[in-house]
Number of protein chains: 2
Amino acid sequence: MCVSHGSVHPVEDPPTTDGGINDNNDHQLAGLRMKYIQGMPGTKGGLALHFCQFLFSLASLGVMTTTSDFPSVTAFCYLVAATGLQCLWSISLVILDIYAILVMRSLQNNRIVSMFAVGDGIISTLTFAAACASAGITVLIDNDLGDCSQNHCAQFQTATAMAFISWDTF
Amino acid sequence: MCVSHGSVHPVEDPPTTDGGINDNNDHQLAGLRMKYIQGMPGTKGGLALHFCQFLFSLASLGVMTTTSDFPSVTAFCYLVAATGLQCLWSISLVILDIYAILVMRSLQNNRIVSMFAVGDGIISTLTFAAACASAGITVLIDNDLGDCSQNHCAQFQTATAMAFISWDTF
């Protein structure tokens, strides 16, 4: 098992996922516990969040691509591209989280967390913009034009809702 | 002139817009200079930013409301509502900034900055969502349907672009 040991460098030493319970140094323990936040990359909370993101973006992508006429609307193509990108990002993070949990080592150093934060920021903005554009079109077709008989309103609405939920888990 | 004086509470004492130059306490000066960032509420940079926000959101609102058919599309109504709200928010901040500059006192204490940050976050998200939804509709009308002859595409595009620029200045 790969955990941090005796020599005391409380700031630089990478924290472990078990909170360093088998380490008797109080000062180091305090440092590790302060840094350990559920939902961060490399924790079980982070894994659950990224897996939910992946599931919802995959559902949005799947539902939208089952409609035959989505390529005729630019906003729906953009939603497919954004959710596809989000699927790739989320599954990469899921794999990283599983690796970190398996080797009992978290990914909570500043450089990795900053990289994840920037990536999450870009991907979440793209997903939100795509979901808003799709919502605008969906409401136009359904409420303003009342033209659901010729369009797959239910699928469009479901895909948009899934994209919003997926964005919400960022 | 109303500025902070002698008694040394470098964290709690509200900083002045002139950086407390007429105060001889070095410790307090250092504290004030660290907190003074251009673009924050109560500074000239903040005033310029909020005034730009106000101008662009007013332009977006004005251009959109000059089209006769915007009420028939929900996303455009939402854009009008969001930019209207942003106009009110921005002009309130402009008035506050002018007041702070006139009385030579900045608004850089934690509670006010937090309130502005939360308000900015909510308003900017609303504006961004409205701009994305309008962009989706505009692209649908212009590129996908090619129906600009019967619609005010130029106005819709201008209003959407102004809303995006206004969001970008947050």
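Begin by selecting residues 47-66 of chain A, a span that is 100% helix and 0% strand, with its end C-alpha atoms 28 Å apart; helices (H or I, at least four residues) and strands (E, at least two) are DSSP runs numbered from the N terminus. This is a predicted model, in which local features need pLDDT of at least 70 and side-chain atom pairs count only at pLDDT 80 or more, while totals for chains, interfaces and linings use all residues. Residues are numbered from 1 along each chain as its sequence is written, and chains are lettered from A in the order in which they are written.

Next, select residues 78-103 of chain A, where the chain is 96% helix and 0% strand and the end C-alpha atoms lie 38 Å apart.

The contact (heavy atoms within 4.5 Å) takes 14 residues from chain A and 14 residues from chain B.

Finally, select A:Leu140, A:Leu145, B:Leu140, B:Ile141 and B:Leu145, which lie nearest the centre of the largest pocket, among its 22 lining residues. A pocket is an open set of points on a 1 Å grid over the protein atoms alone, where a 1.4 Å probe fits, with protein on both sides within 12 Å along at least five of seven lines, and lining residues have an atom within 4 Å of a point. Helix 4 of chain A gives the most to this lining, with four residues.

Notes: Heavy atoms only, no water.
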